[in-house]
Amino acid sequence: MERTEQERARPLTSRRRLLQGAALAAVPYTLLPSAPAQARPRVVDHPSADWMSASPGNYTPSDRPFSYPLDLVVIHVTQATYTSTLGIFQNPRKNVSAHYVVRSADGHIAQCVREHDIAWHAGNWDYNTRSIGIEHEGWVDRPGYFTNALYEQSAGLTAAICTRHGIPKDRAHIIGHYEVPGTDHTDPGPNWDWTRYMRLVNAA
């Protein structure tokens with residue numbers, strides 16, 4: 001059955017199911033491919049990010065903040081490796097993406113969707129239109145993945161996003177995926193240190 005334009009704009013499959021289904025066992029970082037040098041385009045929204053584009057079939061082109069106001073940053077945990085997550089976002093059959101992915105080992109940031117476009121990350125269309133989604137490599141029950149580098153680089157990214165778009169740097173506007181209405185997700189989970197994270201965001 002053909003879907004309407006609005007329905008096609010929305011991801012149909014649970015993000016958790018997709019990420020968990022493709023999750024790999026932990027792999028030594030020396031064995032993981034790094035982003036190719038040519039992956040960075042001339043312009044990215046965050047200067048230290050490498051461009052690792054999601055499939056055009058996994059997000060909605062837009063012109064935010066003109067098309068929709070931007071007032072939220074949503075914090076996620078991948079439930080998969082960094083490399084696996086990028087592969088999922090690049091697969092046009094997955095119907096899922098986020099604007100950024102932060103690697104655990106060194107805090108390296110990949111940008112997968114431009115901030116003016118709508119990534120499919122929150123599982124709630126209204127929240128997708130209003131937010132920037134940041135995925136963090138790791139699992140909610142494995143706190144070792146939340147490294148100093150991950151916290152610091154992610155906080156710098158969130159602070160820069162808030163500054164670019166005039167988003168207040170507080171917990172009403174920087175939220176976890178579990179706080180999105182209608183979600184069944186728990187990320188970033190009880191091991192995510194919100195006090196530390198918000199302190200880093202406000203100090204950046």
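Colleague: How do α5 and α6 lie to each other: parallel, perpendicular or oblique?

Modeller: This is a predicted model, where local features need pLDDT of at least 70, side-chain atom pairs count only at pLDDT 80 or more, and totals for chains, interfaces and linings use all residues. Residues are numbered from 1 along each chain as its sequence is written, and side-chain values use heavy atoms, leaving out hydrogens and water. As for the pair, α5 and α6 are oblique (under 35 degrees is roughly parallel, over 145 roughly antiparallel, 65 to 115 roughly perpendicular, the rest oblique). The axes of α5 (148-165) and α6 (194-203) cross at roughly 50° and come within 8 Å. Axes are lines fitted to C-alpha atoms, for helices over the stretch in contact, with angles from 0 to 180 degrees between N-to-C directions. Helices are DSSP runs of H or I, at least four residues, and strands are E runs of at least two, numbered from the N terminus.

Colleague: Which residues of α5 and α6 make the contact?

Modeller: On α5, N148, Y151, E152, S154, A155, T158 and A159; on α6, R196, Y197, L200 and V201. Contact means heavy atoms within 4.5 Å.

Colleague: Switching to the sheet, what's the strand order?

Modeller: β1-β5-β4-β7-β3-β8, an open sheet of 6 strands with mixed pairing. Strands pair if DSSP finds at least two bridges between them.

Colleague: Which strands stand at the edges?

Modeller: β1 (50-51) and β8 (174-176) do; each has a single partner strand, so one side of each lacks a neighbour in the sheet. β8 pairs with β3 (72-77) in the parallel sense over 3 bridges, and I75 stands opposite G176.
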